[in-house]
Amino acid sequence: MNREALRHLRIQQGLTQEELSYQSGVSVRTIRNVECGLIERPRRKSVDLLLAVLDPEQKHLRRATMDEMRLGTGAWRGTRPPHTSLVGREDDVRELGELVLGNQLVMVTGPGGVGKSRVALAAAESIGPRFADGVAVVEMGWLPREQDLDAEAAMRYALEAVHGLLTGECGPDGLGLLLVLDNTEHLVSTVPVLVNRLLNDHPTLHVLITSRRAGPLYGARIWELGLLSGEAAVELLTERVRMSCPTLDLSDDLRQLAELARQLDCLPGLLEFAAHRLRTAPLSTLLSHHYGLKLLGSTDSSALPHQRSAQESLRWSLELLDEEHLEMLIRLAQRSESFSFDAGGSVEDEFTTPEAMELLADLADASLLQVSRGRSYEYRMLRHVKALLLDANTNMHGSARM
């Protein structure tokens, strides 16, 4: 079995050697020895068990196929877009695809649950045939947060994640590989260094990044993914309900569904959670300000831990803040739904005007505040963020725990 193929597939699935051992039943020692080249031809049973976890759609592959596998070739490597329909995002997919073709570096930003990964993967799939070396998707969300590591260790993890994916091939349009770095908001300092190095070494490379935070990437086109329209949100909600519980008829509850979509900020991720929960909880419960948001989640173990519930999603964003930003956010949650601020305005007495402006800018860059840009900028906190913050435990202050 090709040791680089095993290592590559494991990293693409976001698994440690220990996690792969647990899921496959193959010992950690065997996995380690294969990746180190100490075992060149593992037993057929071990190969089949590993492929059942790492490449379930192709688990009929034979040992020879793995031995002949060459990384850096093929139309697609990594996570594929889900097979479910993409509601209300057709224009977004087309626009993003055009941006990626015309720019070497594009970053998709937006709040958690807005569908950045979903739209980015759909756009990559639509334009993938234009790239000589296809598309490679790297799930960066499984990497440790850079705030828990030194800079050298963080870069080592990032380089390992993309190792073996890039080649020097170039198509007739001058396009080599489209590299998608998904879920990178916890690597805000690491990713710019990584991308700069990759682009310097591979001139035909195009990079598409998704992140809740608009990072300091020189030369990047920042593309902010907006919320769904109310109509599209209700359509998505009803379609997913039909999938998860075909016997549930909500045709007479369209007004309540629209209100639920409004409370959930028309975020596809939260709407998916709600559709799943409607199997076991009535619509009135989800509309409850006291219980609804706390019930929204998924048992999908393949999802990133911070993408499995509304509360975990917000907690992930809060844990990336320092105390000053968190304090400002909590104070803003006490305010009206939207507010404006300019050089002559005031947010909180404890902060000077320059401090307040910088904190607001950072919170907006982190997608925790929405910005309406005009002659006077208007800031708004998403309803579900405000509700969860106001309902948070008092010990959240300074610890980012709810």
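## Close-up views of a predicted protein chain

**Figure 1. Meet the whole chain.** The protein chain exposes about 19,800 Å², and carbon and sulfur atoms supply 47% of it; accessible areas come from the Shrake-Rupley method with a 1.4 Å probe, and for residues only the protein chains shown count as cover. This is a predicted model, in which local features need pLDDT of at least 70 and side-chain atom pairs count only at pLDDT 80 or more, while totals for chains, interfaces and linings use all residues. Residues are numbered from 1 along each chain as its sequence is written, and side-chain values use heavy atoms, with hydrogens and water left out. The protein chain has 17 helices and 9 strands; helices (H or I, at least four residues) and strands (E, at least two) are DSSP runs, numbered from the N terminus. Of its 402 residues, 51% count as buried. Here buried means under 20% relative accessible area, exposed means over 50%, and partly exposed lies in between (1.4 Å probe, protein chains only). Among contacts between residues at least 6 apart in sequence, 75% join residues at least 24 apart, a contact being heavy atoms within 4.5 Å.

Figure 2. A search of the whole structure finds 14 salt bridges, each defined as a side-chain nitrogen of Lys or Arg within 4 Å of a carboxyl oxygen of Asp or Glu. In one of them, Asp133 pairs with Arg77, and the closest N and O atoms are 3.8 Å apart. This pair links distant parts of the chain: Asp133 sits in the loop between H7 and E3, Arg77 in strand E1 (residues 76-77), and the two are 56 residues apart. Both partners are buried; Asp133 counts as such because its relative accessibility is 2%.

Figure 3. The side chains of Arg94 and Asp91 meet in a salt bridge, 2.4 Å from N to O. Both residues lie in helix H6 (residues 90-102), 3 residues apart, about one turn of the helix. An α-helix has 3.6 residues a turn, so residues three or four places apart point the same way. Arg94 counts as partly exposed because its relative accessible area is 48%.

**Figure 4. Arg373 reaches Glu224 across the sequence.** Arg373 forms a salt bridge with Glu224, with the closest N and O atoms 3.5 Å apart. Arg373 lies in the loop between E8 and strand E9 (378-380) and Glu224 in strand E6 (residues 221-224), so the pair ties together parts that are 149 residues apart in sequence. Arg373 counts as exposed, at 54% relative accessibility, whereas Glu224 counts as partly exposed, at 42%. Elsewhere, salt bridges that share partners join Arg145, Asp148 and Glu319 into one network.

**Figure 5. Helix H14 under cover.** Helix H14 (residues 310-319) is mostly covered, with 7 of its 10 residues buried. The buried residues are Ala310, Ser313, Leu314, Arg315, Trp316, Ser317 and Leu318. What covers them includes H12, H15 and helix H17 (383-390).

**Figure 6. Two loop residues with positive phi.** Asp265 has a positive phi of about 60° although it is not a glycine. Asp265 is placed in the loop between helix H11 (254-263) and helix H12 (268-277), and it is buried, with a relative accessible area of 2%. Ser367, also not a glycine, has a positive phi of about 65°. You will find Ser367 in the loop between H16 and strand E8 (370-372); with a relative accessible area of 9%, Ser367 is buried.

**Figure 7. A patch of negative charge on the surface.** Asp322, Glu323, Glu324, Glu355 and Glu358 gather in this patch. Helix H15 (323-333) and helix H16 (353-365) are the elements that give two or more residues to the negative patch. Patches are made of residues with over 30% relative accessible area and no salt bridge; like charges are joined within 9 Å, and nonpolar side chains (Val, Leu, Ile, Met, Phe, Trp, Tyr) within 5 Å. Asp and Glu count as negative and Lys and Arg as positive, while His and the chain ends are not counted. The place of a charge is taken as NZ of Lys, CZ of Arg, CG of Asp or CD of Glu. Glu355 lies in helix H16 and counts as partly exposed, at 35% relative accessibility.
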